[in-house]
Amino acid sequence: MKIKIADLSILHRVYLSFAVLIGVLIAGSMLNYSSQNQLNSALVSVTEEAAPIVLLANKLEVSLLSTNKHLTDVLSEKDPQQLLELTKELETSRKLFTQSLDNFKQQADKLPLVKTYIPTLEKASKSYLGETADLAAQRTQLLTLLRQTNKAKSEFQVIMPLFKQELSDMLAKIDDSYVQGLFRSMQAKQSPIEVTTFDALNQSSPTLVAAALERNRKQIADYDKAVADLKLEMPSLENDIGLYIKGFILNTTQDKGLLARYLELVKTQVALE
């Protein structure tokens with residue numbers, strides 16, 4: 001199967017752009033070196049003209065490698081404060097690379113053989129800088145999402161057992177069989193949503209997490225109805241466990257809830273792989 005550039009992930013496209021750019025620089029350096037040797041056999045003065053462009057090509061390659069090293073550091077950093085410092089270093093490195101490129105282009109204009117490589121070099125440079133421009137910000141976003149989601153996940157894992165215990169205690173105090181039936185109906189509607197949510201929180205595939213969120217949103221209507229029916233018989237339900245119910249609905253179905261944020265997290269992680 002033929003793979004298109006558009007099908008590759010962000011990071012893979014970056015590495016491809018980087019490889020192309022390094023290839024252009026190496027090819028340019030080899031051409032300069034070859035041209036220099038040929039001209040040395042004819043005129044020493046031409047060697048003196050070629051030497052500066054070879055030096056600038058080497059500086060350009062070093063600055064690119066340095067930029068890519070800083071980028072790798074950014075994409076692997078897990079500490080938000082350290083990430084801030086590494087991002088500043090990356091920006092400085094990107095500026096130095098751009099400056100090195102400008103210096104190389106100015107010198108290349110004096111040498112027709114090298115000048116022909118400039119459009120290819122500019123295209124590869126633009127591709128590399130463009131593909132990497134937002135990666136530091138995306139890494140920052142990822143760490144923020146990860147921290148927020150882990151906190152919300154931990155809270156949800158603590159609250160749900162308390163919620164279920166509260167439900168059990170309330171059911172044990174109900175004498176009316178009809179109300180007991182309504183209560184158990186609400187529990188039955190809640191259970192599959194809870195199971196789906198916990199299962200989704202252990203998935204790393206955006207497709208699976210999105211499917212779980214969609215399934216919860218379809219099932220929540222029946223849960224809402226069961227809660228509403230129970231409230232008619234138990235007016236105190238809102239005061240007793242209303243916060244638990246609202247939190248459950250928020251975290252399992254709504255855009256600002258845990259599962260929706262977790263979906264955003266895994267999407268970001270996959271995009272950066």
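How many helices and how many strands does the protein have? The protein has 10 helices and 0 strands, where helices (H or I, at least four residues) and strands (E, at least two) are DSSP runs numbered from the N terminus. This is a predicted model, in which local features need pLDDT of at least 70 and side-chain atom pairs count only at pLDDT 80 or more, while totals for chains, interfaces and linings use all residues. Residues are numbered from 1 along each chain as its sequence is written, and side-chain values use heavy atoms, with hydrogens and water left out.

**Figure 1. Overall make-up of the protein.** Along the sequence the pattern is α-α-α-α-α-α-α-α-α-α. Of the 273 residues, 41% are buried (under 20% relative accessible area; exposed is over 50% and partly exposed in between, with a 1.4 Å probe and protein chains only). Taking contacts (heavy atoms within 4.5 Å) between residues at least 6 apart in sequence, 77% join residues at least 24 apart.

**Figure 2. Packing of helix 3 against helix 5.** Helix 3 (residues 80-108) and helix 5 (residues 118-132) pack at an angle of about 170 degrees, and their axes are 12 Å apart. Helix 3 is therefore roughly antiparallel to helix 5. Axes are lines fitted to C-alpha atoms, for helices over the stretch in contact, and angles run from 0 to 180 degrees between N-to-C directions. Angles under 35 degrees count as roughly parallel, over 145 as roughly antiparallel, 65 to 115 as roughly perpendicular and the rest as oblique. From helix 3, Arg-94, Phe-97, Thr-98, Leu-101, Phe-104, Lys-105 and Ala-108 meet Ile-118, Leu-121, Glu-122, Ser-125, Leu-129 and Thr-132 of helix 5. By class, this contact has 7 nonpolar, 3 polar and 3 charged residues (Ala, Val, Leu, Ile, Met, Phe, Trp, Tyr, Cys and Pro count as nonpolar, Asp, Glu, Lys and Arg as charged, and the others, Gly among them, as polar).

**Figure 3. Packing of helix 3 against helix 6.** The two axes come within 10 Å and cross at roughly 175 degrees, so helix 3 and helix 6 are roughly antiparallel to each other. Pro-80, Leu-83, Thr-87 and Leu-90 in helix 3 meet residues of helix 6, including Arg-139 and Leu-143. The contact of helix 3 with helix 6 has 5 nonpolar, 2 polar and 2 charged residues.

**Figure 4. Thr-67 and His-70 in helix 2.** Thr-67 counts as buried because its relative accessibility is 1%. Not counting residues up to four places away in sequence, Thr-67 touches Leu-90, Ser-93, Arg-94, Phe-97 and Tyr-128. With neighbours within four places left aside, His-70 is in contact with Glu-89, Leu-90 and Ser-93. The His-70 side chain also reaches the backbone oxygen of Ser-66 at 2.9 Å.

Figure 5. Among the buried residues of helix 7 are Phe-183, Met-186, Gln-190 and Ile-193. Asp-176 caps the N-terminal end of helix 7, with a side-chain oxygen 2.8 Å from the backbone nitrogen of Tyr-178.

**Figure 6. Thr-268 in helix 10.** Thr-268 counts as buried, at 11% relative accessibility. Leaving aside neighbours within four places in sequence, Thr-268 is in contact with Gln-138, Leu-142 and Leu-145. The C-alpha atoms of Thr-268 and Arg-139 are separated by 8.7 Å, although these residues are 129 apart along the chain.

Note on methods. A polar contact is a pair of N or O atoms within 3.5 Å; within protein, one must be able to donate a hydrogen and the other to accept it, and residues adjacent in sequence count only if both atoms are side-chain atoms.
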